[in-house]
Amino acid sequence: MNNRPDKKEPNWTGWYIGVAGELLLLIIFFYFFTQQFA
Amino acid sequence: MNFQLTDWAVLIVTLLGVISYGIYKSRTSKNLEGYFLSNRQMPWWLVMLSIMGTQASAITFLTAPGQAYTDGMRFVQYYFGLPLAMIVLSITFVPIFHKLKLFTAYEFLEKRFDLKTRTLTSFLFLLSRGLSTGISIYAPSLVLHSMLGWDIYVTNILMGGLLIIYTVTGGAKSVAYTQQLQFIIIYAAMFVAGYYAITSLPRGIGFMDALHIAGKSGKLNVITTGVTENGFDWKDRYNIWSGLIGGLFLALSYFGTDQSQVGRYLTAKDTKESRMGLLMNGFFKVPLQFFILLIGCLLFAYYSFFKAPAFFNKAQEDAVLKSSYAGEYKAAASNYTVVQDEKKAAALGLTNALKEKNEQAVSSARAAMQQAETNGKKIREQMKGIIKKADPNADTNDTNYIFLRFVGDVLPKGLVGLIIAIIFLAAWGSIAAALNALASSTMIDFHQKFSKKKLSPEEEYKWGKLYTLFWGLFSILIAFFAYNLGNSLIEAVNILGSWFYGTILGIFLVAFYVRKVKGSAVFTAAVLSEILVIGIYYMDIISFLWLNVIGAVAVILFSVLIQILTSLKRG
């Protein structure tokens, strides 16, 4: 059925931390990338 | 640009392939849920590709490399708020939209507030998205008109008309499946363009050298703080703060309240698939945008060794060369050639110094490159001034032409056709989703709401198709007007977008988070905030990204204040 909560609901907090964490890592990488080639 | 028979063949086969695939995937149930929401059956990866395809227009792929070439990679910061917005939407908006089984985001506002708030926001969406879809057709058509000499009216019709075939036939399902195919073709072609940018560099100059050349010329400025000697520059468009905060509010507004995006994740099977689609969009968007911008930096490295046009829009350049300002323009162009020779010498000096690990030589080559870049910019400005003198209505922004000029200069036969095809496909991805959303809002928020006649599901389905066709034709008409009115209409449409986005987001944020505020309070607050935003816009003291924050925060504050005052008066 549509729009019903799935029984196997993922751990969403982990996903949110994952996405935010990736952004943080990217910003750190970009910072060093900027410095490296400047 | 030289467009040969092989290019025509590749272009036609690619476009016909996508249209046929769209029609092949168009079978859906003949009711509104089937037509506008693919029966809410889409898996997360299709939702993600559809979200990405809707956001990235043709201009995204034309502007981004050009933007990196001229201004550097700091534009990527504009997307920093997006992953955070995906998290907020997954927590708050998605479960409520799915639970209420909505067709449009604006339906929620009637359930939470009243009919007038729903109708106003839906109307603002139709107005701004209807006009901007016309511009989404016109802007890439103009580039192709200038680069390839195609008739602008025919190009507008092809750019905005061919996609109508599968969008009207198959609705949201065709839109999503064609976006999937478009995504694969677009990124494969961009990857090939990046590969050619590297392999076309002179012998002995590699990818890392190209990065050093771009970086030492200030083009790899991915992270900037916006802080100057006089403190934080509020008018600076792209820096980490405007990207994280302004970008968060912009992405919240675009993905949470713009039906062309909400309509994409409402097609998902359940809340889990919607969330996953949004979160994965947040995961991949910044790296993908980084990659597109990096291509622009590679073009910069390429044009450090090979002759770069001083002005990339050839049609505009040809016009000035036919005017009485031709002599003045040629003199400036020959000065630019001198600067280019200096830049080439500096670039070669830099690569040699890097190989020898000679720090002092690297420093002096860096200074020489930066000096050449500053001198080049000055001459380019001077040339733009001459173009403007020859034709006061001329568009002196050539950012959109840089990537295509490289494609024409370097890519082999056939690949040029493929790159032109991806301009069409990127345009179609965002236009098709916009038409689907415009039709669903017209049908659900206006026709169904205000028509006294009760329609059968089949009749509703037919009306849905008719509205899609109507908005398609309307957008092409706007594209025609844009050509006749020139830059003024494009500017007006862009301004309109930045005026309303923050306020609409504010209304939704109040709806979700400030339970005690009622319909009348939020409606008055929205009107007041709009006046404030327009006032600040005309004062010209702040970059456009911050207007979204101001609009949203103002609605929240005003509505709470008005609600308290109303309660006190009653009490």
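How much accessible surface does chain A have, and what percentage of the surface belongs to carbon and sulfur atoms? The accessible surface of chain A comes to about 2700 Å². Carbon and sulfur atoms hold 66% of that surface. The model shown in these views is predicted.

**View 1. Chain A has one helix.** Chain A has 38 residues, and 37% of them are buried.

**View 2. Chain A meets chain B.** On the chain A side, 24 residues take part in the contact. On the chain B side, 38 residues do. Together the two chains bury about 2800 Å². Of this buried area, 71% lies on carbon and sulfur atoms.

**View 3. Polar contacts cross between the chains.** Five residue pairs are in polar contact between chain B and chain A, counting pairs with both residues at pLDDT 80 or more.

**View 4. Helices of chain B supply residues to the side that touches chain A.** Four helices each give at least two residues to this side: α5 (81-91), α10 (207-216), α11 (240-257) and α13 (271-305) of chain B. The largest share comes from α13(B), with eleven residues.

**View 5. Nonpolar, polar and charged residues line the chain B side of the contact.** Here 22 residues are nonpolar. Eight are polar, and eight are charged. These residues belong to the side of chain B that touches chain A.

How values were computed
Residues numbered from 1 in each chain as written. Chains lettered and ligands numbered in written order. Predicted model: local features only at pLDDT ≥ 70, side-chain atom pairs only at ≥ 80, totals over all residues. Heavy atoms only, no water. Buried < 20%, exposed > 50% of the residue type's maximum accessible area, 1.4 Å probe, protein only. Areas by Shrake-Rupley, 256 points an atom, 1.4 Å probe, with all protein chains shown as cover. Contact = heavy atoms within 4.5 Å. Buried area = accessible area lost by both parts, 1.4 Å probe. Polar contact = N/O pair within 3.5 Å; in protein donor to acceptor, adjacent residues only side chain to side chain. Nonpolar A, V, L, I, M, F, W, Y, C, P; charged D, E, K, R; others polar.
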